[in-house]
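Thank you for making time for this.

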Amino acid sequence: MSSSAPHDSDEAAGTECAAQDVAWMRRAFELADIAQHERDEIPVGAVLLDADGQCIGEGGNRNRCDHDPTAHAEIVAMRQGGAHLQNHRLVGCTLYVTLEPCAMCAMAMVHARVARVVYAAADPKTGAAGSVFDLLTDPRHNHRVQVTGGVLAEEAGRRLTNYFRAKRGRPLLD
């Protein structure tokens, strides 16, 4: 075997993982659209996959319509996943979300032992996966979550910006 074979294999696995990340983020965008258009929520969507890559939870923001400050997309998806697995631990799971998780959602992921979070747009005001706080990889916690940020970030950022611009009666960005 040549010395480049492991590198080629790693690269192929990385490309496959990146393609899966984009596909699942697109599903999270669909859930964000539902939250926005059907419930007038801030358009954030989340998808939870189990360790085998099967979808076990989905959610869009529901905090306004449910009158529940904890009903962020990530929490909704993790609640479904926990019910599906019949366990409060989400070991080996990957969570896709259209906006960088806040502190509440990040700590819920740590407590649930989520393996990986993939987010689209960074949140420079309340992001807890490296923007403002870095709660998911903090070595003081008994569990750390692998973080991949920036998947379809430009599209996610534009969607969120346009939501708030529309609310304020300002022209949308292309």
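**Salt bridges, spaces and an arginine**

I start with Arg 62, which is partly exposed, with a relative accessible area of 26%. Here buried means under 20% relative accessible area, exposed means over 50%, and partly exposed is in between, with a 1.4 Å probe and protein chains only. What you are looking at is a predicted model, in which local features need pLDDT of at least 70 and side-chain atom pairs count only at pLDDT 80 or more, while totals for chains, interfaces and linings use all residues. Residues are numbered from 1 along each chain as its sequence is written, and side-chain values use heavy atoms, with hydrogens and water left out.

Arg 62 has a salt bridge with Asp 66, and the closest N and O atoms of the pair are 2.9 Å apart. A salt bridge, as I use the term, is a side-chain nitrogen of Lys or Arg within 4 Å of a carboxyl oxygen of Asp or Glu. Asp 66 is itself partly exposed, at a relative accessible area of 36%. Across the whole structure, the search finds 11 salt bridges.

Another of these pairs is Arg 116 with Asp 21, where the closest N and O atoms are 2.7 Å apart. Because Arg 116 lies in strand 4 and Asp 21 in helix 1, this pair ties together parts that are 95 residues apart in sequence. The helices (H or I, at least four residues) and strands (E, at least two) are DSSP runs, numbered from the N terminus. Both Arg 116 and Asp 21 are buried.

Then there is Asp 138 with Arg 140, whose closest N and O atoms are 2.5 Å apart. Asp 138 counts as buried at 10% relative accessibility, whereas Arg 140, at 74%, counts as exposed. Elsewhere, salt bridges that share partners join Arg 26, Asp 33, Glu 155 and Arg 159 into one network.

Arg 113 sits in the loop between helix 4 (103-112) and strand 4 (116-121), and just after helix 4 it takes a positive phi of about 70°. A polar atom of its side chain lies 3.2 Å from the backbone oxygen of His 111. Leaving aside neighbours within four places in sequence, Arg 113 is in contact, meaning heavy atoms within 4.5 Å, with Arg 89, Leu 90, Val 91, Gly 92, Asn 142 and His 143.

In helix 4 itself, the buried residues are Cys 105, Ala 106, Met 109, Val 110 and Ala 112, and what covers them includes helix 3, strand 3 and strand 4.

Asp 40, which is not a glycine, has a positive phi of about 50° and is found in the loop between helix 1 and strand 1 (45-49); Asp 40 is partly exposed, with a relative accessible area of 39%. Gln 86 has a phi near 55°, lies in the loop between helix 3 (73-85) and strand 3 (94-99), and counts as exposed at 70% relative accessibility.

Finally, the spaces. On a 1 Å grid over the protein atoms alone, a cavity is a set of points where a 1.4 Å probe fits but cannot get out, a pocket is an open set with protein on both sides within 12 Å along at least five of seven lines, and lining residues have an atom within 4 Å of a point. Grid points are joined across faces, edges and corners, and a volume is the space filled by probe spheres set on the points.

The largest pocket holds about 480 Å³ of space. Its lining has 20 residues, and those nearest its centre are Ile 42, Leu 99, Asp 123, Thr 126 and Phe 164. Helix 5 (residues 153-167) gives the largest share of that lining, four residues.

How many cavities of 30 Å³ or more are there? The count is one, and the largest cavity has about 30 Å³ of space. Phe 29, Ala 32, Pro 43, Thr 98, Ala 156, Arg 159 and Leu 160 line it.

Conventions: Polar contact = N/O pair within 3.5 Å; in protein donor to acceptor, adjacent residues only side chain to side chain.
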